[in-house]
Amino acid sequence: RPKTPPRAAASEFFRNDASSIMNADRKRRIAAVRRALPNRISILFALFLLGLVVICLNLFKNNALGLSELMEVGATGRMAVVHSVDYLQPGYNLVPQKTQYHVLLPCDGTHAYHEWQARVFYYWLRRIKESKDPKAMGGFTRLLHSGAPDVWMDEVPTVVVDPLPRDLQRVADGYAMLNRPYAVQQWVTHYMAKIPEHFVLLAEPDHIFIRAPPLWATYSRPSAYPMGFIDTQNSKHRTIFQKFNVKNVPLKQWHPVGPSPLMISKKQLGLLVNPWLNISFALRQDSEAHELFGWTTELYAFSIAAAITPGGPRAMTLRPEFMVQPPWDSTLKGKNGRRAAFIHYTYSQDFDSEGTFTPAVVGKYHFDKRDYVSKYPPLKPRRPPRGCSNEASKMMMKLINIASTNLDGWAVRAYLKNEPVPGHWGVEGDVLDWADPEETEVGAEDVAEYSYGDVLLDDIDDMDDIDDIEDIEMDEALEDDDYE
């Protein structure tokens, strides 16, 4: 048995022994960390590589066109203001709706021009949904790209997104239509996933529903109106088209369509929105394209994007019955003889005192949306003369007339009945600054050449199961002085 060490020696003995134990323990932990460090570094490196792959895939997706000269245009990243969106309201069906479309209405809220048009649009959409079986019609969103809420947020279901940032406004140089793809991009990024409908119907403020269209789109084939002025076969346009045609898509497969009216699946809209926006700015900066396309630049950009975007809609169903455009269209049927879904009042309504259309000349009877930028049209604006035989023009003015009497605050924001209105095109007898659209309009007999061997007009939808708006019971009485 060893001798017991003296007190001082014992203290030193235990201190040295504890120190050695701690050192050994520290060495074991350091060794364990060193053994584990390669594994941790490998894991971190693998995560880094995975993140790099994801970034590269996103870059490829967002720049799928492969055009280095295109501007990188994106949403600001700031979540837009949400207010009164009807898919957030109580009672809205949030179950995924595979057979319905969501109506999306991009518009500006900085002046009265789009304000009164959007209110008329939503008034008749709501009347149709209340009066008829809307079938495929789902929710509605006014996409307000002014950057700030307005006073009609509670009346019209609305999402507010940012306008173009200042650097892009300088590029746009007053071309206001570039706000539309930028606004739609923000909506796709932040809001599209929230809606239950699987499809989107893009419309414009100067459209009026006269019936609820059925679901004309499929997941792989959008449906659009054939624009007469979108000429994808014009030899003058080939040079511009080929600048973007990196996929060498035959030009005969390019569609004469714009972004509205358009019925499209959410997936395909998500694929198209970035190329549509990028090409819009690229065309705006191309002096040759800007001179040739003018105000239709953004529409051509959509047509180009639809043709060349990987995974985009190579096939489209052209629907002449999407809308009629009075006074050039005189009935409520499209050029294929089927009843239209919209009235598009983009053209000036001009008739003489007998009700005869005065093409390209300001008539004694005159109504043009462009005359009402700073104020609303008068309460119950006058309808065409009694001798007018244009059913589309008469219906258009009837619907605006009725809406004006039923929308709050119209009278205080409108011109008075006899108040002089500064005409956009001038006074009676002045020549309008546009060509006859009938010279380039795609007629029913011409539509087949754009079918690309596919079925153009589906007969699966029953066109007679939805009565047009004339059958909606109208309680509003129209007096004799509503006529010119």
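Let me start with the open sheet. Three strands form it, in the order β6-β11-β10, and the pairing is mixed. The strands at the edges are β6, residues 207-209, and β10, residues 323-324; each has a single partner strand, so one side of each is left without a neighbour in the sheet. Keep in mind that this is a predicted model.

How do β10 and β11 run relative to each other, parallel or antiparallel? They run parallel, and two bridges join β10 to β11, which covers residues 342-344.

Helix α2, residues 112-131, lies across β6 and β11, and runs at about 15 degrees to β6.

Alanine 118 sits in α2. It is buried, because its relative accessible area is 1% and the cut-off for buried is under 20%. Leaving aside neighbours within four places in sequence, alanine 118 touches Leu105, Cys107, Arg142 and Pro205. Alanine 118 is also 7.5 Å from aspartate 206, C-alpha to C-alpha, although 88 residues separate the two in sequence.

Then there is arginine 119, whose side chain meets that of glutamate 155 in a salt bridge, 2.8 Å from N to O. Arginine 119 is in helix α2, while glutamate 155 is in the loop between β3 and β4, 36 residues apart. Arginine 119 is buried, at 1% relative accessible area; glutamate 155, at 25%, counts as partly exposed.

How many salt bridges are there in the whole structure? The search finds 14. In general, side chains of opposite charge can pair when their charged atoms come close. Lysine 243 takes part in a salt bridge with aspartate 286, at 2.5 Å, N to O. Lysine 243 lies in helix α5 and aspartate 286 in the loop between α6 and α7, so the pair ties together parts 43 residues apart in sequence. Lysine 243 also meets glutamate 288, at 3.7 Å, N to O. As for cover, lysine 243 is partly exposed at 36%, aspartate 286 is buried at 15%, and glutamate 288 is partly exposed at 35%. Elsewhere, Arg180, Glu204 and Glu298 are linked in a network of salt bridges.

Glu298 brings us to helix α8, where it is one of the buried residues. In α8, twelve of twelve residues are buried. They pack against α4, α5, β8, α6 and α7. The length also checks out: at 1.5 Å a residue, the twelve residues of α8, 297-308, should span 16 Å, and the end C-alpha atoms are 17 Å apart, which agrees.

Threonine 358 is found between β12 and β13. Is it buried or exposed? Threonine 358 is buried, with a relative accessible area of 17%. Its contacts, leaving aside neighbours within four places in sequence, are Asp350, Phe351, Asp352 and Gly363.

Finally, the chain as a whole. It has eleven helices and 13 strands. Of its 484 residues, 51% count as buried. The chain exposes about 22,900 Å², with carbon and sulfur atoms supplying 54% of that. Among contacts between residues at least 6 apart in sequence, 77% join residues at least 24 apart.

Methods:
Residues are numbered from 1 along each chain as its sequence is written. This is a predicted model: local features need pLDDT of at least 70, side-chain atom pairs count only at pLDDT 80 or more; totals for chains, interfaces and linings use all residues. Side-chain values use heavy atoms; hydrogens and water are left out. Two strands pair if DSSP finds at least two bridges between them. Helices (H or I, at least four residues) and strands (E, at least two) are DSSP runs, numbered from the N terminus. Contact means heavy atoms within 4.5 Å. Axes are lines fitted to C-alpha atoms, for helices over the stretch in contact, and angles run from 0 to 180 degrees between N-to-C directions. Buried means under 20% relative accessible area, exposed over 50%, partly exposed in between (1.4 Å probe, protein chains only). The expected span of a helix is 1.5 Å times one less than its number of residues. Accessible areas come from the Shrake-Rupley method with a 1.4 Å probe; for residues, only the protein chains shown count as cover. A salt bridge is a side-chain nitrogen of Lys or Arg within 4 Å of a carboxyl oxygen of Asp or Glu.
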